[in-house]
Amino acid sequence: MMRRAQPWLGTLVEVTIADATDAPASDLAFSRAFNAIATVHQLMSFHDPESDVSRINRAAHGADIVVDAHTARVLGAALALWSQSEGVFNPLCASKLVEWDYLPAPGGPLPAWATPASALELEGCRVIKHAPAWIDLGGIAKGYAVDVAAAALAASGVRSGCVNAGGDLLAFGDHDWPVLLRDPAHPCAPGYATEVRDCALATSAIYFSRKEHKGCPRSALLHGREGRPVLRAGSVSVSAPSCMMADALTKVVAATGDVHHPALEKHGATAYIV
Amino acid sequence: MKALQWTALTVTLAASPAYAAQYLTVEQAQRLMFPEATAFKDASVQLSAEQMRQIESLSGLPARSAHWRVISAWQADKLLGHVVLDDVIGKFELISYAVALDPDARIRQVEILAYRESHGFEIRNAAWRKQFVGKTAADKLAVGDDIVNISGATLSSNHVTDGVRRIAALGQAALKK
């Protein structure tokens, strides 16, 4: 069992290889996995002015922006989930997160909150911006980065591995991976234990992000249709075949409190609230 | 797909080892970051007041310390770069990491060496191990071992990001050739 960690995606990303393999082969697999994470980070970071996300956010109304295939895939999934969740998952939520000081302002006037899904049109790798809007893929890109890193491990010949980006993880291969869930009431202690095998597991909760901002309670999780922060004290975990969908679906369940939300079944996902 | 079962842990959090993961030793990290090196030498630096001011102006962060643990990597008499070692303490965590810099002080790689939850994540070995009895993975579990994954809300790595920025400035101010 070998494990490495690097800081990416605003958190620590751990990559574990369970195979009994020699160091040169595992070094190469680790390096390919972290390079995959770095690529997603560079393309989808809200903070990096060169990222696809920042280019979309800076672009003027009517602009036509060509993005990387990775970005197009994540944005496509985000827009599809927006519709499947009737707006609860909202990739155009950045204006609220900027207003609440969770994200830095990307420049230009603050777009109106109630931006319709039609503000962005995605055609292949072209994004057409029909209205002022700031996107944030923070609720889905971390999971996608985990998926591509795990795929890079598998493509390097790793038979059993796990990638964990700050709690959003995907495990593959013939191995049961023990997972401890932070106790939402005491996040520095484990409250629950489980095991995962050949699936992704993502968790969202507000215990690290909850704060008072200008006298109002806020969190980094928001209800995408209503534009209000999720203030429920519990923790939402979703397991799904892909970490991208597990990650994104935690936001839908956290906002609605519905562990039977129809979007879960559509993506072969199961949710837990503790 | 098979639904996961979460098992509630009813564990007395007595004095016990905190959750910790050891990823790389300093020796492993330097070899990984400079695989072509034939020698590593201690090149720790003691910064002057002027260099500390320079770091603060380049990084926008307090220089924090005058003494820095630095290792230089060599291939025969050619300098390949430096490894700067640092620790950051967050509200919940303690992280040791290494930053590899090229001779011109550009960042080459960042590796986490060790991670520890400073306020505990205290798990009592025998008690929570029981949750996995009968499972193949149980044999491989140990507190402080590096194979348990933790899922939860994302803990930000801002302290490490700031630390890397400070080290990039340190490279410019004190190591650049």
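This is a predicted model: local features need pLDDT of at least 70, side-chain atom pairs count only at pLDDT 80 or more; totals for chains, interfaces and linings use all residues.
Q: Hi! How many helices and strands does chain B have?
A: Chain B has four helices and nine strands. In sequence order they give the pattern β-β-α-β-β-α-β-β-β-β-α-β-α.

Q: Thanks. And what share of chain B counts as buried?
A: Of its 177 residues, 36% are buried.

Q: Let's talk helices. At what angle do helix 2 and helix 4 of chain B pack?
A: Helix 2 of chain B (residues 49-59) and helix 4 of chain B (residues 158-175) pack at about 135 degrees, and their axes are 8 Å apart.

Q: So what do you call that arrangement of helix 2 and helix 4 of chain B?
A: Angles over 145 degrees count as roughly antiparallel and 65 to 115 as roughly perpendicular, so these two helices of chain B are oblique to each other. Their crossing is right-handed.

Q: Which residues meet there, between helix 2 and helix 4 of chain B?
A: From helix 2 of chain B they include B:Ile55 and B:Leu58, and from helix 4 of chain B they include B:Arg165, B:Ala169 and B:Leu170. By class, the residues of this contact are six nonpolar, four polar and two charged.

Q: New topic: how many residues do chain A and chain B bring to their contact?
A: Chain A brings 50 residues and chain B brings 46.

Q: Which element of chain A gives the most to the side that touches chain B?
A: Strand 9 of chain A does, with 10 residues. Strand 9 of chain A is also joined by two bridges to strand 1 of chain B (residues 7-8), and the two run antiparallel.

Q: Nice! Which residue is the bridge partner of A:Tyr192?
A: In strand 1 of chain B, that partner is B:Ala8.

Technical notes: Residues are numbered from 1 along each chain as its sequence is written. Chains are lettered from A and ligands numbered from 1 in the order in which they are written. Axes are lines fitted to C-alpha atoms, for helices over the stretch in contact, and angles run from 0 to 180 degrees between N-to-C directions. Angles under 35 degrees count as roughly parallel, over 145 as roughly antiparallel, 65 to 115 as roughly perpendicular and the rest as oblique. A crossing is left-handed if the near helix is turned anticlockwise from the far one by less than a right angle, and right-handed if clockwise. Two residues are in contact if their C-beta atoms, placed from the backbone, lie within 7 Å. Ala, Val, Leu, Ile, Met, Phe, Trp, Tyr, Cys and Pro count as nonpolar, Asp, Glu, Lys and Arg as charged, and the others, Gly among them, as polar. A residue is buried if 20 or more other C-beta atoms lie within 10 Å of its own, exposed if 12 or fewer, and partly exposed in between; C-beta atoms are placed from the backbone. Two strands pair if DSSP finds at least two bridges between them.
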